Amino acid sequence: MLVIGLMSGTSFDAVDAGAVELELTGETLRLRPMGLVSQPYPTEIKQPLRNSLPPHATTLEQVCRLDTGIGQAFADLAVRANTDLCGGRAELVVSHGQTVFHWTESGQVRGTLQLGQPAWIAERSGLSVVSDLRSRDVAAGGQGAPLASTLDVVWLRGRRHLSDPGTSVALNLGGIANITVVPAEAEPFAYDTGPANALIDAVVLEATKGQCDYDADGALAASGQLHPELFEALLAEPYYRVPAPKSTGKELFNLAYLRGFTSRLPPIETADLVATLTALTAHTVASAVRDVQADEVIASGGGTRNPTLMAMLRDRLPGVPILTSDELGLASAAKEAYAFAVLGYYTALGLPATIPSCTGARHASVLGSITPGRDGLPARPGHRVAPTRLEIHRGPP
């Protein structure tokens with residue numbers, strides 16, 4: 001089945017569409033990457049979106065406008081992906097939408113909200129759309145995150161089948177950092193470790209008055225010095241000591257949160273602030289990796305394009321190989337879009353797509369809601385067994 005996965009992460013810098021060809025044979029899922037197309041949000045969406053996210057207030061009118069605008073942006077990219085990547089042969093679209101709030105209380109997720117009305121995608125593409133993938137896991141008592149752990153587990157198990165037993169870790173460095181841990185002889189688990197790029201991006205955006213929203217090539221961090229007092233204060237954040245499974249987002253790690261620390265200190269140069277926040281990400285991720293005694297780390301996400309952050313990680317994890325997913329056949333920029341394509345494919349087959357030991361749910365669930373396409377729901381094969389391993393095919397069909 002040719003499936004398009006649509007994704008916009010917590011950094012909301014662009015909408016990504018990753019196309020994959022998926023085939024389930026026995027307990028093996030074969031995935032052939034078909035490529036990625038991306039497009040930035042239009043300014044008329046991006047700025048109101050930024051102004052509506054915590055700690056800002058918003059209105060139901062603005063939520064409605066954003067739901068429509070984001071849905072239309074996703075719809076445009078789905079059509080482009082079907083034409084450019086699939087030759088017009090895609091059979092299903094899976095839309096993660098744009099997370100605008102992830103409601104947590106005392107370590108429990110009470111609700112999660114992703115905007116991007118799927119009816120626009122179904123109407124423009126003519127394809128059925130699987131959307132709202134996180135809510136079912138939350139209703140089952142889970143964190144609704146990290147859902148990419150479903151892909152990570154079968155992928156890393158497939159790799160270990162070909163190599164020596166050990167503990168593999170998949171690391172995603174988006175706005176928030178998360179890890180999926182796959183031990184050789186125990187249940188996998190996953191959780192958000194804390195901020196990856198979220199605080200760095202917020203500082204750069206403010207310092208450049210909106211001209212830039214990330215630390216390009218880690219240049220600012222490389223030019224700055226760690227601020228010891230701020231670093232220690234940030235490390236005292238209680239979230240880091242909450243046991244897994246756990247999840248977080250910009251509801252906690254935002255500019256107002258950071259100002260709560262910096263307002264009690266003398267002014268800090270922007271480069272030093274970015275260097276300190278980059279070190280915070282590296283330290284909290286490395287601590288999580290050391291705690292699970294990982295034998296290898298496979299990293300993906302925007303943070304892998306920050307050489308300063310990656311160098312800090314390697315310095316803190318001597319002896320632990322840190323690879324990028326690009327080196328293993330899954331483009332880092334596309335991996336999350338591919339992961340959500342896989343989740344929607346499971347839904348089309350009627351298969352549960354969550355791993356309770358990773359999200360903390362009471363049971364595995366078939367995820368999402370389906371908006372039928374022009375010709376109704378996609379053809380659904382008979383009962384299948386959930387895959388236990390993933391194979392990446394890089395060559396032509």
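**Figure 1. Buried residues of helix 6.** The buried residues of helix 6 are A198, L199, I200, D201, A202, V203, V204 and L205. Buried means under 20% relative accessible area, exposed over 50%, and partly exposed in between, computed with a 1.4 Å probe on protein chains only. Helices (H or I, at least four residues) and strands (E, at least two) are DSSP runs, numbered from the N terminus. The structure is a predicted model, in which local features need pLDDT of at least 70 and side-chain atom pairs count only at pLDDT 80 or more, while totals for chains, interfaces and linings use all residues. Residues are numbered from 1 along each chain as its sequence is written, and side-chain values use heavy atoms, with hydrogens and water left out. Helix 6 is mostly covered, with eight of its ten residues buried. These buried residues pack against helix 1, strand 8 (176-182), strand 9 (189-195), helix 7, helix 9 (255-262) and helix 10 (270-291); contact here means heavy atoms within 4.5 Å. Just after helix 6, K209 takes a positive phi of about 55°.

**Figure 2. A salt bridge between D213 and R50.** The side chains of D213 and R50 meet in a salt bridge, with N to O at 4.0 Å. D213 lies in the loop between helix 6 (198-207) and helix 7 (219-223) and R50 lies in helix 1 (residues 43-52), so the pair ties together parts that are 163 residues apart in sequence. A salt bridge is a side-chain nitrogen of Lys or Arg within 4 Å of a carboxyl oxygen of Asp or Glu. Are D213 and R50 buried or exposed? Both are buried.

**Figure 3. Other salt bridges in the structure.** A search of the whole structure finds eleven salt bridges. One of them joins the side chains of D84 and R80, at 3.6 Å from N to O. Both residues lie in helix 2 (residues 60-84), four residues apart, which is about one turn of the helix. D84 is partly exposed, with a relative accessible area of 49%, and R80 is partly exposed at 33%. K335 forms a salt bridge with D152, where the closest N and O atoms are 2.6 Å apart. This pair links distant parts of the chain, with K335 in helix 12 (residues 335-349) and D152 in helix 5 (residues 149-161), 183 residues apart. K335 counts as buried at 7% relative accessibility, and D152 is buried with a relative accessible area of 2%. R30, R389 and E391 are linked in a network of salt bridges.

**Figure 4. The crossing of helix 1 and helix 2.** The axes of helix 1 and helix 2 come within 10 Å and cross at roughly 135°. The contact is made by I45, P48, L49 and S52 of helix 1 and by Q62, L66, G69, I70 and A73 of helix 2. Axes are lines fitted to C-alpha atoms, for helices over the stretch in contact, and angles run from 0 to 180 degrees between N-to-C directions. Helix 1 and helix 2 are therefore oblique to each other; angles under 35 degrees count as roughly parallel, over 145 as roughly antiparallel, 65 to 115 as roughly perpendicular and the rest as oblique.

Figure 5. Strand 1 (residues 2-8) and strand 2 run antiparallel and are joined by six bridges. Two strands pair if DSSP finds at least two bridges between them. V3 stands opposite V20 in strand 2. Strand 1 and strand 2 form a hairpin with six residues between them, and F12 in the turn has a positive phi of about 40°. Strand 2 also pairs with strand 3 (residues 28-39) in the antiparallel sense, over eleven bridges. In this pairing G18 stands opposite L36 in strand 3. Strand 2 and strand 3 form a hairpin with two residues between them, and G26 in the turn has a positive phi of about 60°. Strand 2 (residues 15-25) is mostly covered, with eight of its eleven residues buried.

Figure 6. Five strands form an open sheet in the order 9-8-7-10-11, and the pairing is mixed. The edge strands are strand 9 and strand 11 (322-324), each of which pairs on one side only. Strand 7 (residues 168-173) and strand 8 run antiparallel, joined by six bridges. N172 stands opposite N178 in strand 8. Helix 10 packs on the sheet and touches strand 7, strand 8, strand 9 and strand 10 (296-300). The direction of helix 10 makes about 160° with that of strand 9.
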